[in-house]
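Please walk me through this structure in plain terms.

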Amino acid sequence: MSLFEQSEAGGRPNRSTKKVAGDSKPGSPPPPKYSEKDSLFTSDNLDDNDSDMPVRREKAPKSTAVPRQSNEWQLNQYWVHIAVLTLFSAITRFYKIGFSNRVIFDEAHHMGFGGKYVNHTFYHDVHPPLAKMLIGLSEALTGFDGSFDFKSGSRFPANVNYTFMRLFNASFGVTLAPMAYATMASLGCSPNAALLAGLLVCFDNALCTISRFALLDAMLLCFTAMSVLSLSGLYKYRNQPFSIAWFKWLLATGVSLGLVASAKWVGFLAVGLVGLYTLYELYDIFGQKEVSLISHLWHWTTRVVALVAIPVAIYMLCFVVHFNLLYKSGPGDAEMDSLFQAGLQGSGLQNQPLDVAYGSKITLKSAHPGAGLLHSHTDAYPDGSKQQQITGYSHKDTNNDWIVKKIHGQSFGNTTETIEFVRNGDIVRLVHERTTRNLHSHSVAGHVSKRDWEVSGYGLDGTYPDANDHWRVEVVEELSRNNPERRLRTLATRFRLRHVNQNCVLRATGKSLPQWAWRQAEMVCDRRNHLDENTLWNVENHVNPLLPPAKSDQLRSSFLRNFVRLNLAMARSNNALTPDKDKFDALSSSPQDWPVMRLGMRMCGWEDGEVKFWLIGNPVVWLVSTLAVVLGPIQMLYYVVRRQRGLCDFARQNEWETHLYVSGILWGGWALHYLPFYAMGRVTYQHHYFPALYFAAMYLAYLVEWSGRRIAGAVNSPSTRAAMLALGLAAIANFLYFAPFTFGFDYAAEDLASRKWFSSWNIYDAAK
C-alpha cells in the first residue's frame with residue numbers, strides 16, 4: 001500500500017475534512033470526551049484481538065464481548081512470570097560469584113569507600129553517597145574491621161567475606177528483570193511482550209556481569225528500574241488522579257527518583273524523564289476545560305511535593321547520614337573548607353585560638369579548590385621582578401607559615417594584657433616566617449595571568465620598609481557566633497586581602513605556574529577586582545601562646561554549608577575526569593561504540609591461569625535493540641506523515657495517543673540516558689550505556705508486539721508469538737555462548753577465539 005493511499009475502504013478522503021483516528025463524520029458533533037472512570041485496563045475496553053494492548057475506546061456492547069480469562073488467572077499468570085524471572089535472575093547473578101578472590105575493576109574504589117564507613121574516615125568521591133553506604137553496610141554485616149585497603153588486583157584476605165559483599169550487591173541486579181516485566185504490564189503490554197522484556201534484561205551478559213561485583217552500577221540500575229516502574233504506574237492510573245492507587249505510584253516515583261539521584265549523578269537523567277512526562281501531562285490537563293482551577297492547583301501541588309520535595313529530602317538525608325558516619329579525618333579533608341575539617345576527629349585544626357592577634361603565626365587557605373595554602377620559598381621568579389615566589393601549595397609545609405604584623409613603623413603588644421586583635425578594616429603586613437620576606441605586590445605583570453599584578457616576597461622584616469607590603473583586611477562572611485567587634489577569627493572568618501596602594505585583591509587564579517615554580521598554583525593581585533570565590537581566604541592554622549584555645553561549639557560548620565560545599569567539590573571532580581589524549585586508556589570507550597558493541601572491556605588482569613572477566617553485552621539484546629530504537633522513530637514518522645495527509649490508520653480514538661505515550665516513556669528513556677553522553681566532556685566507559693540499554697530492551701519487546709499488531713491485526717497472532725519466542729530463545733542461547741566472559745574463565749583467552757565476532761574485540765592479544 002502506498003504511503004498516500006487510503007488505508008480504509010472508500011478511496012481518498014474528503015480533502016475538506018481530515019480523517020484521523022477517532023474523527024466523526026463531517027457535520028456531526030465531536031466524539032464524547034473520556035471521563036476519568038474510563039480506565040485503559042478494564043476488560044470492558046478491550047476485545048479478543050486487543051485484550052492486552054494499551055488502547056482506550058468506547059465500551060463495547062456487552063452482547064458482543066468475547067469472554068476473557070478470569071482476573072484470578074491473569075493475576076496468577078502475572079506472579080508466576082515474576083517468580084520465574086526472579087529465579088532466572090538469581091541463578092545468573094549468584095552463580096560462581098566468588099570464583100575470583102581478587103579485587104576486580106572498580107571494586108578497588110567502591111569497596112574501599114565502603115571501608116571508609118566502617119572506619120568512619122572522611123573521603124571524597126565524584127558520586128553521591130547512597131550506593132557506597134550500601135556497600136559499606138554489606139561490609140559491616142560481614143564483620144569487616146576495615147583493615148584491608150582493597151588495592152586493585154590484590155587477593156582478599158581470609159577475614160574479608162567478599163562473596164557475601166558481592167551477593168549483597170548482586171541482589172539489586174536480580175530485581176531488574178521482574179521490574180522490567182512489571183513495567184511493561186503497567187504500560188498495557190501483553191504478558192508475552194512483558195515476559196520477552198524480562199528475558200532480554202535477565203539474559204544480557206553485560207547487565208549480569210556488572211551486577212556480580214561490588215560496584216555502584218547494580219544499585220543505579222535497580223533504582224532506575226524502580227523509577228520507570230513507578231512512572232508506568234502513574235501512566236496506568238493517569239485517568240484516576242487523586243485515587244489511592246494514583247497516590248501510591250506518585251509517591252513511589254518520588255522515592256525512586258531520590259534513590260537514583262543519590263546513587264550516581266547520572267541518575268538525574270531518570271529525573272529528567274519523569275520531569276518531561278509530568279510537564280506534558282500537566283500541559284494536557286491544562287487544555288481540559290472541565291478541570292477546575294482548584295483541581296489544577298492540586299495537580300501541581302501534589303506533583304511538586306512528591307516529585308520535587310521528596311527526592312530532594314532523600315538526597316539531602318543521604319548526606320546527613322554520610323556526614324554523621326564519617327566523623328574522623330581522612331584522605332578527603334582537603335576538598336572541604338577549613339571549618340568543616342576542624343570538626344573532624346584528628347584533623348589537627350582543633351584546639352586553636354579563636355581570635356587572630358598581631359604576632360600570631362597563621363596559614364591562609366584559598367577558597368579556590370586546589371589552590372591550597374598561601375606559600376613561599378627561597379626560589380625567585382626567573383623574570384619580572386625576580387623577587388621571591390609566592391604560590392599556592394596544597395600540602396602541609398612550614399613554608400606556609402606567616403606572621404601577622406602591623407604596618408611598617410608600628411609596634412604591637414606581646415603580653416596577655418597588651419595583646420591586640422586583628423579586626424575588619426585593619427591594615428596589616430604578612431611576613432613569611434622562614435624567609436622573613438613581606439607579602440608584596442607592585443605594578444609588574446603576573447607570570448601566567450598577564451593582566452594582573454605579580455605578588456612576591458620582598459624585603460626583610462623591618463629592614464626595607466615599603467608601602468607595597470601593606471594589605472587591608474576585608475571581612476566578607478562570619479561563620480561564628482557573637483563577634484560584635486568583627487575580629488578576624490580562625491577558620492570561621494572568610495575575608496579578602498586588598499592591596500592598599502594598588503587597590504587590587506589577592507587572588508588564586510586556578511592556573512599552575514611553570515616548572516620553575518614546581519607547577520604550584522599561581523597567586524596574583526587582581527587589578528580588575530573580581531570579587532569571586534577565588535579572592536576569599538580563611539585562617540586555617542593559628543598559633544599564639546598568649547591566647548586560649550577556642551571552644552568546640554565556636555568552630556562548627558552547618559550541614560547546609562557542608563552539603564553545598566561537598567556537591568560543588570563533586571561537580572569539580574566530575575569535570576576534571578577528562579580524557580588524556582596523550583595516553584591510551586584501554587578501559588574507556590565512546591558513546592558511538594556502545595550500541596554497536598564495537599568494544600568490550602577487560603575487567604582485570606589477563607594472565608593465563610588467573611580468573612578473567614570480559615565485559616560485553618548479549619549481541620541479540622544489544623544489536624536488535626539498537627535496530628529497534630533506530631527504526632521506531634522512522635515508523636512513527638511514517639504514521640505522522642500519513643495522518644497529516646488525512647489517512648486513517650487507527651480505528652480507535654486513543655490508539656495513536658497511547659502509542660505516543662508508551663514510546664515516549666521507553667524510547668525517550670533510552671534517548672535521555674544515552675544521547676547526553678555525546679555532550680559530556682568527561683571520560684566515558686561501556687557501563688555508562690547500561691541504563692539506556694534497560695530502556696532499549698523494553699522498547700524492543702514493545703515494538704515487536706505493536707508492529708505485529710499493525711501487520712497481523714492482532715496482538716497474539718501466531719507470527720507475533722513466533723517472533724517473540726525466537727527472539728527470547730536467541731537471547732538465552734547467546735547468553736550461554738558468552739557465559740565464560742560473564743562467570744569468569746581461568747584458561748587462556750585464545751581458547752575463546754570463536755567468540756571474537758568483531759576484530760575490535762580485545763578478547764586476546766593479537767601478538768599471541
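Cys-504 and Cys-525 are joined by a disulfide, with 1.9 Å from S to S. This is a predicted model, and it holds one disulfide. The link of Cys-504 and Cys-525 is right-handed, with 95° about the S-S bond. It connects distant parts of the chain, 21 residues apart: Cys-504 lies in the loop between strand E9 (493–499) and strand E10 (505–512), and Cys-525 lies in strand E11 (residues 521–526). Both cysteines of the pair, Cys-504 and Cys-525, are buried.

Cys-202, by contrast, is in no disulfide; its nearest cysteine sulfur belongs to Cys-208 and is 7.5 Å away. The cut-off for a disulfide is 2.5 Å between the sulfur atoms. Cys-202 has 0% relative accessibility and therefore counts as buried. Cys-189, at 7%, also counts as buried, because the limit is under 20%.

Among the buried residues are Leu-176, Pro-178, Met-179, Tyr-181 and Met-184. The elements covering them include helix H1 (71–94), helix H4 (162–174), helix H6 (191–202), H8, H15 and helix H16 (690–712). Just after H5, Gly-188 adopts a positive phi of about 95°.

The axes of H8 (residues 217–236) and H15 (residues 655–674) come within 12 Å and cross at roughly 165°, so the two helices are roughly antiparallel. Their crossing is right-handed. H8 contributes Thr-224, Val-228, Leu-231 and Tyr-235 to the contact, and H15 contributes Thr-658, Tyr-661, Val-662, Ile-665 and His-673. By class, six of these residues are nonpolar, three are polar and none is charged.

Note on methods:
Residues numbered from 1 in each chain as written. Predicted model: local features only at pLDDT ≥ 70, side-chain atom pairs only at ≥ 80, totals over all residues. Heavy atoms only, no water. Axes fitted to C-alpha atoms, helices over the stretch in contact; angles between N-to-C directions. Helix = DSSP H or I, 4+ residues; strand = E, 2+ residues; numbered from the N terminus. Parallel < 35°, antiparallel > 145°, perpendicular 65-115°, else oblique. Left-handed = near helix turned anticlockwise from the far one by under 90°. Contact = heavy atoms within 4.5 Å. Nonpolar A, V, L, I, M, F, W, Y, C, P; charged D, E, K, R; others polar. Buried < 20%, exposed > 50% of the residue type's maximum accessible area, 1.4 Å probe, protein only.
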